[in-house]
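Could you walk me through this structure, one label at a time?

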Amino acid sequence: MSKILRFILVTLALGASMFAADLNGKWKGDLKSQNGDLDTTIVLNVDGDKLTGTVANMYGEEQITEGVLKGDEISVIIIAGGGQ
């Protein structure tokens, strides 16, 4: 799961720097892993500097918690597989 979380954080960081004005909505991406491609969908909701949403793939859906948007930086916690 750590590769998935790393992918998500990199994707969010790139998205923030390119589209900081409006991150709201559904984002789709592919994670290339040792076990093959993993389609991932991220739904983001921005309210001021607060960021919430979900991350979903074939293993299920997880909540984005404690998300913060400051300028072009994003910080999130995603609880997956029993850990952060």
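Q: Where is lysine 26 found?
A: Lysine 26 is in strand β1. Strands here are DSSP runs of E at least two residues in length, helices are runs of H or I of at least four residues, and both are numbered from the N terminus. One thing to keep in mind is that this is a predicted model, in which local features need pLDDT of at least 70, side-chain atom pairs count only at pLDDT 80 or more, and totals for chains, interfaces and linings use all residues. Residues are numbered from 1 along each chain as its sequence is written, and side-chain values use heavy atoms, with hydrogens and water left out.

Q: Why is lysine 26 called exposed?
A: The labels rest on relative accessible area: under 20% is buried, over 50% is exposed, and partly exposed lies in between (1.4 Å probe, protein chains only). Lysine 26 has 59%, so it counts as exposed.

Q: Which residues is lysine 26 in contact with, leaving aside its neighbours within four places in sequence?
A: They are Thr41, Ile42 and Val43, where contact means heavy atoms within 4.5 Å. Lysine 26 and threonine 41 are 15 residues apart in sequence, yet their C-alpha atoms are 6.9 Å apart in space.

Q: What makes β1 and β5 edge strands?
A: Five strands form an open, antiparallel sheet in the order β1-β2-β3-β4-β5. β1 (25-33) and β5 (73-78) each pair on one side only, which is what places them at the edges. Neighbouring strands of the sheet are turned by 30° against each other on average, direction ignored; the axes are lines fitted to C-alpha atoms, for helices over the stretch in contact, with angles from 0 to 180 degrees between N-to-C directions.

Q: Why is asparagine 57 called buried?
A: Its relative accessible area is 16%, so asparagine 57 falls under the 20% limit. Asparagine 57 lies in strand β3 (residues 50-57) and stands opposite glycine 60 in β4. β3 is mostly covered, with six of its eight residues buried.

Q: How do you know that the side chain of asparagine 57 makes a polar contact with tyrosine 59?
A: A polar contact is a pair of N or O atoms within 3.5 Å; within protein, one must be able to donate a hydrogen and the other to accept it, and residues adjacent in sequence count only if both atoms are side-chain atoms. The backbone nitrogen of tyrosine 59 lies 2.7 Å from a polar atom of the asparagine 57 side chain, so the distance is within the limit.

Q: What makes up the largest nonpolar core?
A: Nine residues do: Leu23, Ile42, Leu44, Leu51, Val55, Ile64, Leu69, Val76 and Ile78. A nonpolar core is a set of buried Ala, Val, Leu, Ile, Met, Phe, Trp, Tyr and Cys residues joined through side-chain atoms within 4.5 Å. β2, β3, β4 (60-70) and β5 each give two or more residues to this core.

Q: Why does the phi of glutamate 66 deserve a look?
A: Most residues other than glycine have a negative phi. Glutamate 66 has a positive phi, near 50°. Glutamate 66 lies in strand β4, and its relative accessible area of 59% makes it exposed.

Terms used. Pairing = 2+ DSSP bridges.
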